[in-house]
Amino acid sequence: MSAVRETGAQAPDPRPNPATYATRPASPAPEAGTPRIVTGTVVRTRKGGLSLRVHGRVLAVTVVLLCTLVLVMGVVLTTGDFGLSVGEVVQALTGNGSGAADFIVNTLRMPRLLTALCVGAALAVSGAILQSLTGNTLGTPDIIGFTNGSATGALLVIVVWHGSMTQIALGALAGGLATAAAVSLLLLGRGLQGFRLVVVGIGVSALLLAFNSYLITRASWQEALEAQAWLVGSLGNRGWPHANAVGLAVLVLLPPAILLARRLSMVEMGDGIATALGVNVTRTRATLLVISVALAAFATAVTGPILFIALAAPQLARGLIRSPGPGLVSSALMGALLLTVSDLAVQRLFAPALLPVGTATGTIGGLYLVWLLITESRKSRA
């Protein structure tokens, strides 16, 4: 392997190099022929058959996020009403711990932790994909209605058919896909980009929220209480079936999303440029949209709607890496970190009260949304 340092490489005109464009979801795509400066290290095999551009800042941020996430995981597993040492946790994970430690780690804490990690990563990647496809920071599944659509499907299974965990997950997936299809039909011929999608999505989301409230009023007292608690978004009482379900979804859906990240970066430039570079824009958009909706749907089915992770995590990750492309890996780590820290906060800071994690993410996300709207408003006036 050899490494070549590239600085100041400019794209030729009129056929631009896709790697020379660094666009943000909230900003319009750059005009064709506009050169950009590209930095990074290209690592290639000796015969040149395989090459990979590595951005030092992206790699450093990814490593820092991963180390921080491991540290938070250690805090989650060792602290609480029954404190454990790192050695006791390791012994419990390897099957050599005491009965009490094994129960605390493997039955109570680890399933909830893994569920938080996978749900946070799924929501963040779903939001990153939608923000890139729509070219709008507010283009996230919880704002444009996909999350509420998944909640509608899951509530129908819970309230009407009294289904199992697997049926609830399938219902959430069907509801999310149906909502995406409905929004796409309302925007038929106008594309997914721009402010129109956000407005239509907010309208569809409001209708679904009203229908969800109607479903709760038609349920029995016990079902209504369970459904309302689920709608807040919670990681409480989550066991291995929940962790396995969302973990399998992330394991299946995340790799193809990462593989399509380069095409997603080209689509960000605009349909014309992406098509000229050999990207099937229609197929790429459809595939990534299905992946995004599926990730949000499975996450919602397991924990209920957890707001603002899909909005904040991709933007925070982009602000840190400052690199072209959607940054799906860093977004996944940021989402997992945000949700795990939020769940740790509601467990430790408000004990013995059992607050759902949705209250923490809703509060933090609401403040972030206000800050984002103020920032965008100032940019538009400048």
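**Entry 1, ground rules.** I am working with a predicted model, in which local features need pLDDT of at least 70 and side-chain atom pairs count only at pLDDT 80 or more, while totals for chains, interfaces and linings use all residues. Residues are numbered from 1 along each chain as its sequence is written, and side-chain values use heavy atoms, with hydrogens and water left out.

I looked up the secondary structure and found 14 helices and three strands in the protein chain, where helices (H or I, at least four residues) and strands (E, at least two) are DSSP runs numbered from the N terminus. Of the 382 residues, 48% are buried, a label that stands for under 20% relative accessible area with a 1.4 Å probe, protein chains only. For contacts (heavy atoms within 4.5 Å) between residues at least 6 apart in sequence, I noted that 74% join residues at least 24 apart.

I then turned to helix α3 (residues 99-134) and helix α11 (residues 281-303), which pack at an angle of about 150 degrees with their axes 9 Å apart; the axes are lines fitted to C-alpha atoms over the stretch in contact, and angles run from 0 to 180 degrees between N-to-C directions. The two helices are therefore roughly antiparallel, the word for angles over 145 degrees, while under 35 is roughly parallel, 65 to 115 roughly perpendicular and the rest oblique. Residues in the contact include Val119, Leu123 and Ile129 in α3 and Leu288, Ile291 and Leu295 in α11. By class, I recorded 14 nonpolar, four polar and one charged residues there, with Ala, Val, Leu, Ile, Met, Phe, Trp, Tyr, Cys and Pro counted as nonpolar, Asp, Glu, Lys and Arg as charged, and the others, Gly among them, as polar.

In the loop between α3 and α4 (146-161) I stopped at Thr140, which is buried with a relative accessible area of 0%. Leaving aside residues up to four places away in sequence, Thr140 touches Leu130, Gln131, Ala310 and Leu311.

Phe146, Thr147, Ser150 and Ala151 of α4 make the contact with Leu289, Val293, Ala297 and Thr300 of α11. I recorded that the residues of this contact divide into five nonpolar, three polar and no charged.

Terms used:
Buried < 20%, exposed > 50% of the residue type's maximum accessible area, 1.4 Å probe, protein only.
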